[in-house]
Amino acid sequence: MTSPIGALGAVSGLSGISGVSGVGGAAGLAGTDAVKAPNTDFASMLSQGLESVQASQANASDLATQVANGTLQDPAQYTMASTEAALGLQLTMAIRNKAVEAFQEIMRMQA
Amino acid sequence: MSTFNAIGTAASGVTVYRKWLDAVSDNIANMDNVSRTSESAFQARYVVAQEAQDGNGAQVGGIAYGSAEGQLAYEPDNPLADTEGYVRRPDIDLGSQMAQLMMAQRAYQANISVVDRAKESYQAAINLGRA
């Protein structure tokens, strides 16, 4: 799942966008370059995000097993972990949908 | 974890207040314990809450114990009474325990509602990106 989205990130031309933000540098903002410096590429950002979503999903499913076993003392821990996992997944889906949308928009350009 | 920080922070509060609820229920359950004067009385449990070490939320630093001496009660009919007719009872005040129960319960609910609001807020932010 990671690699197709990474490919999308490459296709959608983020470098072009950062080129636009170079205008801010031209306006004489000295801080802009310093902010841009730790520039991780979009693909690795996405895969990091996916990994953390995966970790929270695994945590929630661990806790679900513990609830079923009766070994978990605090059921609220499970509900909160599953809330966090659900939010993470929603965020992932929102980003994925945006990426696909952007990709389709670009594909439509050649028509 | 860091993406939805407010949820984890409030969850640590929920855990602390659940432990307080546990301590209060333990105290109330053992309120009427009777022991011989040669033994120590049931010691009330008090939860020591403190700031979490990673700076996000709260944690239980430990459990403090109440008086082991308790109170001496004159109950000559009690089979556990000593030769002078005294037994030892725990030094637990039900009124204070009930007040603590209410505080712990309300604080637990407050933390849960923080989780709820944080979830709604994060969801609103995600929906903004979705439209």
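A residue is buried if 20 or more other C-beta atoms lie within 10 Å of its own, exposed if 12 or fewer, and partly exposed in between, with C-beta atoms placed from the backbone. A nonpolar core is a set of buried Ala, Val, Leu, Ile, Met, Phe, Trp, Tyr and Cys residues joined through C-beta atoms within 7 Å.

**Ground rules.** I am working with a predicted model, where local features need pLDDT of at least 70, side-chain atom pairs count only at pLDDT 80 or more, and totals for chains, interfaces and linings use all residues. I number residues from 1 along each chain as its sequence is written, with chains lettered from A and ligands numbered from 1 in the order in which they are written.

**Entry: chain A.** I looked up the secondary structure and found 5 helices and 0 strands in chain A; helices (H or I, at least four residues) and strands (E, at least two) are DSSP runs, numbered from the N terminus. The pattern along the sequence reads α-α-α-α-α. Of the 111 residues in chain A, 14% are buried. I then checked its contacts, where two residues count if their C-beta atoms, placed from the backbone, lie within 7 Å. Taking pairs at least 6 apart in sequence, 68% of the contacts in chain A join residues at least 24 apart.

**Entry: the core.** Which residues touch the most other members of the largest nonpolar core? I noted Ala81(A), Ile7(B), Ala10(B), Ala11(B), Trp20(B) and Val115(B), out of 23 residues in that core. At least two core residues come from each of α4 (42-69) and α5 (75-109) of chain A and α1 (5-29) and α2 (94-130) of chain B. α1(B) gives the largest share, 9 residues. I also followed Trp20(B): not counting residues up to four places away in sequence, Trp20(B) touches Val47(B) and Ala104(B).

**Entry: α1(B) against α2(B).** The two helices pack at an angle of about 160°, with axes 9 Å apart; axes are lines fitted to C-alpha atoms, for helices over the stretch in contact, and angles run from 0 to 180 degrees between N-to-C directions. That angle is why I call α1(B) roughly antiparallel to α2(B) (under 35 degrees is roughly parallel, over 145 roughly antiparallel, 65 to 115 roughly perpendicular and the rest oblique). Their contact has 18 nonpolar, 6 polar and 2 charged residues. For these classes, Ala, Val, Leu, Ile, Met, Phe, Trp, Tyr, Cys and Pro count as nonpolar, Asp, Glu, Lys and Arg as charged, and the others, Gly among them, as polar.

**Entry: where the chains meet.** I found 14 residues of chain B in contact with 14 residues of chain A. On the chain B side, α1 and α2 each supply at least two residues, and α2(B) has the largest share with 7. That side divides into 7 nonpolar, 4 polar and 3 charged residues.

Next I took α5(A) and α1(B), whose axes come within 10 Å and cross at roughly 175°. That makes α5(A) roughly antiparallel to α1(B). The contact uses Ala76(A), Gln77(A), Met80(A), Thr83(A) and Glu84(A) of α5(A), with Ile7(B), Ala11(B), Val14(B) and Arg18(B) from α1(B). By class I logged 5 nonpolar, 2 polar and 2 charged residues there.

**Entry: Ile126(B).** Leaving aside neighbours within four places in sequence, Ile126(B) is in contact with Gln90(A), Leu91(A) and Ala94(A).
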